[in-house]
Amino acid sequence: MTAPCPYLSATAREKAVPITLVTRDHLTAWQKSLSPAQSRWADDNDFTAAAGQILTLAAADGSLEAVALGMGTHHDKKDIWVLATLAQSLPKGYYRLVSEHDEKLAALGWAMAQYKFDRYLDKKNDRAAVLMVSTEDLQRQVTTLFHGLTLVRDLVNTPTCDMGPSHLSAAMQALAASYGATFHETVGDALLEKGYNTIHAVGRAAANAPRLLDMSWGRPDAPKLTLVGKGVCFDTGGLDLKPSSGMRIMKKDMGGAAHSLGLARMIMDSGLDVRLRVLIPAVENNISADAFRPGDIITTYKGTTVEIDNTDAEGRLVLCDALTLGSEEDPDLMLDFATLTGAARVAMGSDIVPFFTDGDDIAGALTDQSAEESDPIWRMPLYAPYESDLKSKCADMSNMGSGPYGGAIIAALYLKHFVTKPEKWVHFDVFAWNLNNRPGRPQGGEAMALRAVLAYLTKRYGK
């Protein structure tokens, strides 16, 4: 089902250009291995093996014969982006890495570096620098990752005019059809009939109706794995309106849903032996005469009443109904992904994904896979005393904390209330965005934590 990744090949090609990673302490020995003309060329170009320095070497006929990439004083063999600059700058052709490095990470970074969101551009991406990999199995593994991660980027990068709740539904339906999964959605006022009141309340002000998307795949008696993704396709903040600067990239507020779909694609493509269920509450937090208000009290699907302290804390509202629904099946494991709080970014910055769980074994295993995959995540505490910040005088709880501190923890504690077995649940507060252009990581939508999570799931459930 998976189309080949155009930037990788396992078919041996004798003329593939070798790429050597050169550290400063290896520079002299490497240069002695060159022809006199090439050694002189390295000197003339002042190649010192500084980190990121690139040297191309020509053959006698002028064709590209070899490439050297400076590593500086240290070669981190788990650096996924080690070849990203080369992949973006080398001409079309076939290349092979001849230095010792984690081959899967290097190949994935090479492929991801050639990604470009070109849906709205006249000039489409025509990159074709192909890296040779050692086996077809490795090629398949990296291809699975590549397509899942770029699906996340594509969904997040697409503006809300083409990625509202109905468009997100279409994307999920297309994914379901590709892998023989079942799909169902509950739309508009039908949400009220089923008790999904918070999803309806947040999304009812938008012309594009709110909905709960539900996809299932895998054999019925396999271990149940449930993914929940925040699908706020645009967030104005509601009546607690965001400033224009804070609203500018709010097309990314469905990044949790994108992560759930990208991970689901990788799970299905890998053939993991699970009964997969994906739940996505898809809404726009918009403003109209029907918008929900600060001070409103909503009865959630669980039956808990929630007072709205701030309409810009809408993500936890749509998630709580989906988490309650997901808990009804008593899944073996439930993961949720959400662009939930700015507080998570204050705590961790834009690259590290904080996660929350009461499952110590799960947390330890995820941390191990984070290091193995060079995919940064970090456990934060579900600190129970902070639950008092969610108290309300006129409802069972509030949707906001009472003060400015510990926002990511308090949001996670709100979600925990709606999970039956929090020791089998993990919440990821993702940013889903690159603030700046870096090699392999263009500014815009980004998939985070999914490589570590997939590696953990693969070990847990196998194929």
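Let's start with helix α15. It has twelve residues. From its first C-alpha to its last it reaches 16 Å, close to the 16 Å expected at 1.5 Å a residue. One caution before we go on: this is a predicted model.

How many of the twelve residues of α15 are buried? Nine are, so the helix is largely enclosed by the rest of the structure. Buried here means under 20% relative accessible area. The buried residues are L450, R451, A452, V453, L454, A455, Y456, L457 and Y461. After the helix comes G462, and its phi is positive, near 60°.

Next, a partner for α15. Two packed helices are described by the angle between their axes and the distance between the axes. Helix α13 covers residues 360-373, and α15 covers residues 450-461. Their axes come within 8 Å and cross at roughly 120°. The two helices are therefore oblique to each other. The crossing is right-handed.

Which residues meet there? From α13 we have I362, A365, L366, Q369, S370 and E373. From α15 we have R451, A452, V453, A455, Y456, K459 and R460. Sort this contact by class, and you get seven nonpolar, two polar and four charged residues.

Now a second pair. Helix α6 is residues 165-179, and helix α10 is residues 255-270. They pack at an angle of about 5°, with their axes 11 Å apart. Angles under 35 degrees count as roughly parallel, so α6 and α10 are roughly parallel to each other. On the α6 side, the contact uses L168, M172, L175 and Y179. On the α10 side, it uses A257, L261, A264, R265, M268 and D269. The classes here are eight nonpolar, no polar and two charged. Keep one rule in mind when you look at a helix. An α-helix has 3.6 residues a turn, so residues three or four places apart point the same way.

First, N157, in helix α5, residues 136-157. Is N157 buried or exposed? Buried, with a relative accessible area of 7%. Leaving out residues up to four places away in sequence, N157 touches Y115, F117, K251, W433, G444 and G445.

Then K393. Find it in the loop between β16, 377-379, and β17, 397-398. K393 is exposed, with a relative accessible area of 90%. Compare its position with D25, 368 residues away along the chain. The C-alpha atoms of K393 and D25 are separated by 67 Å.

Terms used: Residues numbered from 1 in each chain as written. Predicted model: local features only at pLDDT ≥ 70, side-chain atom pairs only at ≥ 80, totals over all residues. Heavy atoms only, no water. Axes fitted to C-alpha atoms, helices over the stretch in contact; angles between N-to-C directions. Helix = DSSP H or I, 4+ residues; strand = E, 2+ residues; numbered from the N terminus. Parallel < 35°, antiparallel > 145°, perpendicular 65-115°, else oblique. Left-handed = near helix turned anticlockwise from the far one by under 90°. Contact = heavy atoms within 4.5 Å. Nonpolar A, V, L, I, M, F, W, Y, C, P; charged D, E, K, R; others polar. Expected span 1.5 Å × (residues − 1). Buried < 20%, exposed > 50% of the residue type's maximum accessible area, 1.4 Å probe, protein only.
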